[in-house]
Amino acid sequence: MALLRLRARMALPLVRPLSRTLSTAAMQHAHAPNPSPPKTKLFLDNAFVDSAAVKWFDLHDPATNNLVTRVPQSTDAELAAAVDSAAAAFKTWRKTTVLTRQQIMFKLVQLIRRDWDRLAASITLEQGKTFADARGDVLRGLQVAETACGVTSQLTGELLEVATDMETRSYREPLGVVAAICPFNFPAMIPLWCLPPAIMTGNTVIMKPSERDPGAALIIAELAREAGLPDGVLNIVHGGAPTVDFILDEPRIKAISFVGSDKAGKYIYTRGNANGKRVQANLGAKNHAVIMPDANKTQALNAVIGAAFGAAGQRCMAVSVLVTVGEETQGWIPELIERAKVLKVTGGFEPDADLGPVISPESKARIEGLIQSAADDGAEIVLDGRGFKPEKYPNGNFIAPTIITGVKPGMRAYDVEIFGPVLVVVNVPTLDAAIDLVNANKYGNGVAIFTQSGSAAAKFQREIEAGQVGINVPIPVPLPMFSFTGNKGSILGDLNFYGAAGMHFYTQLKTVTSLWRADDAALSEKASVAMPTQS
Ligand code: NAD
């Protein structure tokens, strides 16, 4: 009924669901251009609908730059319809029992596992990362959904008998309609950082995936519907800044989860807060890996290579700065280069691919400019991945692993987030100097130390300021029984994504104080006008 009303209001055609089987999902890069591929749909009130957009974003396969789909800039009517749908659904969804919601999440988890490869294929095609890495992208989101199934023990309130016959009880209640604004680099994981905790706590969701790769979010929507999520609990809209501005200014949207760059995040946090919304914003990063002379060399170098160049460096937890401590570790750079050189850079569907392309030609040009800036600033490019073209993918946005030594704070290549397969190396004399370097950095997403010394590790973990610390672990992102705990310039807002903090972000506390007198039958006849002082 709700959908029929919505269609009547917007005159939107209802279209068939996305294909459900892997056999119909592209598992390779198309080498021939297709000038009119299927357009990306909206997901409104549990149906896929064609957009009436006048503006469209062309989405190209980063490995070939062939057109994959066109993503609409949702119209004002479509955006309003999404919020109408979510607001209407909230009235009933908030009243469903936690056990009903849990059953839907159990089912969704099962369906994501079933369609894991299909989700990963969509990511490889639209985002460019390797198929194996795309499966990891899905897994890290799936784990949030799995953990959210434990909502039955995560939402319990507190209770205290505060006076004779009087008790105060706290409840965690949903906020209402909440929004998620997602980046391009984890097309499944980050929608799944938001959706499970938001809906399990009784909210309804407006999701805006990145306009650069919305395919995985739409598959998740299809699976959520199949799992039994009622109409309107999840709506997906598309677009760029106008969609974000709509979300920021729409009074019925109570909270925003944002993950992305500093520029967009600061804007969204400021304007969202000014409009009275709760906002959590995870921003950019510059993650350091510190290698001590007593480290297990092979393990440390392999870990750094994987963390620096995996996903073509387009992870917010990528290691982008290697800090070599002392003179001896500087002698390890030739081996680091050899290990980086053997990585296979090619289209993400190729079975032997280690890293794929970066997201766009603009991003490639920006990264190459930052590499050049390092040389201009006096650093040495000891492995230069610029200009690399895999034979099979001459038109893709490829950059091979790049290593730059002699880098210092103050150089652009150190100061800004490069977000590409580029590792800059800073040498410092001591562990104290390494800690000072990391702590002086404006970001605080992640950091790692490689050492065999328990005391060096213990000192490091106590004194380092970054929010996610790895000891012989290169990408220390906690599983969702904890939260994603970046700090300093890598986050705006007080409540982290997922884990207990995520549940708190999507809920507000209500306390109820009740008095049920035991001697009710013997109430005094005159009203008391003093403040209650029962003890
Ligand atoms: P982005 O900021 O360009 O885009 C993120 C979202 O914001 C998109 O949905 C986009 O449509 C929207 N957006 C972009 N510019 C906007 C503007 N001017 N006004 C309003 N909305 C705007 O980020 P991205 O390039 O997609 O993602 C990469 C960035 O995300 C990197 O900086 C990376 O470090 C960061 N990131 C951080 C984390 C984390 O947890 N800290 C995780 C993943 C990615």
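User: What does Asn-65 count as, going by its relative accessibility?

Analyst: Asn-65 comes out at 24% relative accessibility. Buried is under 20% relative accessible area, exposed is over 50%, and anything in between is partly exposed (1.4 Å probe, protein chains only). So Asn-65 counts as partly exposed.

User: What should I know about the model and numbering before we go on?

Analyst: It's a predicted model, where local features need pLDDT of at least 70 and side-chain atom pairs count only at pLDDT 80 or more, while totals for chains, interfaces and linings use all residues. Residues are numbered from 1 along each chain as its sequence is written, and side-chain values use heavy atoms, leaving out hydrogens and water.

User: Where is Asn-65 found, and what is its phi?

Analyst: Look in the loop between strand 4 (56-60) and strand 5; strands (E, at least two residues) and helices (H or I, at least four) are DSSP runs numbered from the N terminus. Most residues other than glycine have a negative phi. Asn-65 isn't a glycine, yet its phi is positive, at about 65 degrees.

User: Which loop holds Asp-165, and what is its relative accessible area?

Analyst: Asp-165 lies between strand 6 (159-163) and strand 7 (166-174). Its phi is positive too, near 65 degrees, and it's another non-glycine. Asp-165 is partly exposed, because its relative accessible area is 27%.

User: Is Thr-69 buried or exposed?

Analyst: Thr-69 lies in strand 5 (residues 67-72). Its relative accessibility is 4%, so Thr-69 counts as buried.

User: How far apart are the end C-alpha atoms of helix 7?

Analyst: Helix 7 (residues 189-200) has 12 residues. The expected span is 1.5 Å times one less than the number of residues, so helix 7 should span 16 Å. The model agrees, with its end C-alpha atoms 17 Å apart.

User: How many residues of helix 7 are buried, and which residue just after it has a positive phi?

Analyst: The helix is mostly covered, with 12 of its 12 residues buried; among them are Trp-193, Cys-194 and Pro-196. Just after helix 7, phi goes positive, to about 100 degrees, at Gly-202.
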